[in-house]
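Before any detail is taken up, please look through the sequence and the model, and then follow the questions below one by one.

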Amino acid sequence: QVLASSLSSHSTFKVESLSMNPQVSPSDLFGFYSKSETEWINGIAVNFFKDSDLADNDEDKPTESLNNEEKWFILEPTIKTLNSGWVQSISSLIGEGFLILNSGERLRVPSNMKIIIEVRDLGDLPSELTSKCGVLNIDDEDVTCNMVQQSWCNQFLAKKSKLEGKADILKDELNHLFDLYLEKTLRFISEECLLSPNLERHHLTQLCCNYIESILTDAFISSISSKDSEFGVRVLRSAFGLGLIWGLGGHLIEQDRKSFEAYCRMNIEDILDRQENIIDRSIYDLRLSKDGSIGAYKNQYPHINPVGDFQLVSQTQISAGLGLVKTLDLNRVAQVVKNLSNIGKHVILVGPNGSGKKSVIQWLAQEGGFSPLHFQLSQ
């Protein structure tokens, strides 16, 4: 995906990719007859291939344009899906250059189409498929956390034109903070937080970057640009600290959060410009105040009783998304979701059944004037 984006951004070469985990059935990938067996319905892969084929045979398109355009069909199978039937079909497409669909139609691989397969272990794929492909091994260190962080830092600062003249200072400070805190915090999570989901290191790094960007809203960027560099560095350090807390610790379960909080108090608390009256608050209760200092959610909403669970009124109101009283927890979750949404990031809420995930979403949707669509993907 990075290669496709880079080729499209920095040259006249254009790449369009479709990436998917083929957990769907072969019929969903390649097509099936309707229940009445009178109408053939193309699958996801067939539609993507046919769109490429039409472009490949477009006589009105300049030859130079065709030579500079490619479509990549990227498959990311898991062990559970390797025996689902799609392997034989893909093997035929790669080896023979075509596939005979159940409809009798001959599906060919367009000249501007490339099939790319990502797999953890080469032994998981049948030899008849690997023998028809080029094979490239990607080591854990080929994509490092430092590469992810520096790429994000360059893109983030490039988008903030108001920071002209201070971008270099802030970039140096960000790189310095990442060098000091990222690696040792990632090591702590991998060694000590054993009860929580084991996310890849570069994924956690990207989560950390997402949170830092979501915290540094346009209002803060404007304040940084209008004040001296010392203020900008102070705000940046606080945003980095909060981004580290939520980016690396936001997905942890309760038991691991306690050990992670103890680690943060010993190792990163010094970069948070905290007020004395919130020194006893949990690190997850902290937020960046308008003046650039670290405050607490209970101070932002002093009328709220900071209880541990949401206060629900009635089952009817709950189902309508109206049964939530503004508690500390709800406002904290709401602010995190809104911050991420404002920079175009999607959100995953994790928790057991009955923990209030759906109620939070309904409440947020109501607050924003939206009507959520609910899909039960397990069915």
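**Reading the model, part by part**

Q: What is the relative accessibility of R201, which counts as partly exposed?
A: R201 counts as partly exposed, given that buried means under 20% relative accessible area, exposed over 50%, and partly exposed in between, with a 1.4 Å probe and protein chains only. The model is predicted, so local features need pLDDT of at least 70 and side-chain atom pairs count only at pLDDT 80 or more, while totals for chains, interfaces and linings use all residues. Residues are numbered from 1 along each chain as its sequence is written, and side-chain values use heavy atoms, with hydrogens and water left out. For R201, the relative accessibility comes to 34%.

Q: Which residue meets E183 in a salt bridge of 2.6 Å, N to O?
A: A salt bridge is a side-chain nitrogen of Lys or Arg within 4 Å of a carboxyl oxygen of Asp or Glu. E183 is partly exposed, with a relative accessible area of 35%. At 2.6 Å from N to O, the side chain of E183 meets that of R201.

Q: How many residues apart in sequence are the parts that E183 and R201 tie together?
A: Helices (H or I, at least four residues) and strands (E, at least two) are DSSP runs, numbered from the N terminus. A search of the whole structure finds 9 salt bridges, and the side chains of E183 and R201 form one of them. Because E183 lies in helix α8 and R201 in helix α9, the pair ties together parts whose separation in sequence is 18 residues.

Q: Which helix holds R237, the partner of E173, which lies in helix α8?
A: E173 is buried at 14% relative accessibility, whereas R237 is partly exposed, with a relative accessible area of 23%. The two residues form a salt bridge in which the closest N and O atoms are 3.2 Å apart. This pair links distant parts of the chain, 64 residues apart, with E173 in helix α8 and R237 in helix α11.

Q: How many residues in sequence separate the parts that E70 and K114 tie together?
A: K114 counts as partly exposed, at 35% relative accessibility. E70 forms a salt bridge with K114, and the closest N and O atoms are 3.4 Å apart. Since E70 lies in strand β4 (residues 69–75) and K114 in strand β7 (residues 113–117), the parts tied together are separated in sequence by 44 residues.

Q: Which element gives the largest share of the core?
A: A nonpolar core is a set of buried Ala, Val, Leu, Ile, Met, Phe, Trp, Tyr and Cys residues joined through side-chain atoms within 4.5 Å. The largest one has 50 residues, and those with the most contacts inside it are F178, F240, I245, L248 and F260. Among the elements that give two or more residues to this core are α7 (145–159), α8 (167–192), α11 (229–249) and α12 (254–267). The largest share, 10 residues, comes from α11.

Q: How many residues does the second, separate core have?
A: With contact meaning heavy atoms within 4.5 Å, and leaving aside neighbours within four places in sequence, F178 is in contact with Q149, W152, E183, C208, C209, I212 and F240. The second core is separate and includes V46, F48, L107 and L129, and its residues number 22.

Q: How far apart are the end C-alpha atoms of helix α16 (residues 357–368)?
A: In α16, the residues S359, V360, W363, L364 and A365 are buried. The expected span of a helix is 1.5 Å times one less than its number of residues. The 12 residues of α16 should therefore span 16 Å, which agrees with the distance between its end C-alpha atoms, 17 Å.

Q: Which residues touch E261, not counting those up to four places away in sequence?
A: E261 has its place in helix α12 and counts as buried, at 15% relative accessibility. Beyond four places in sequence, the residues that E261 touches are R281, S282, I283 and Y284.
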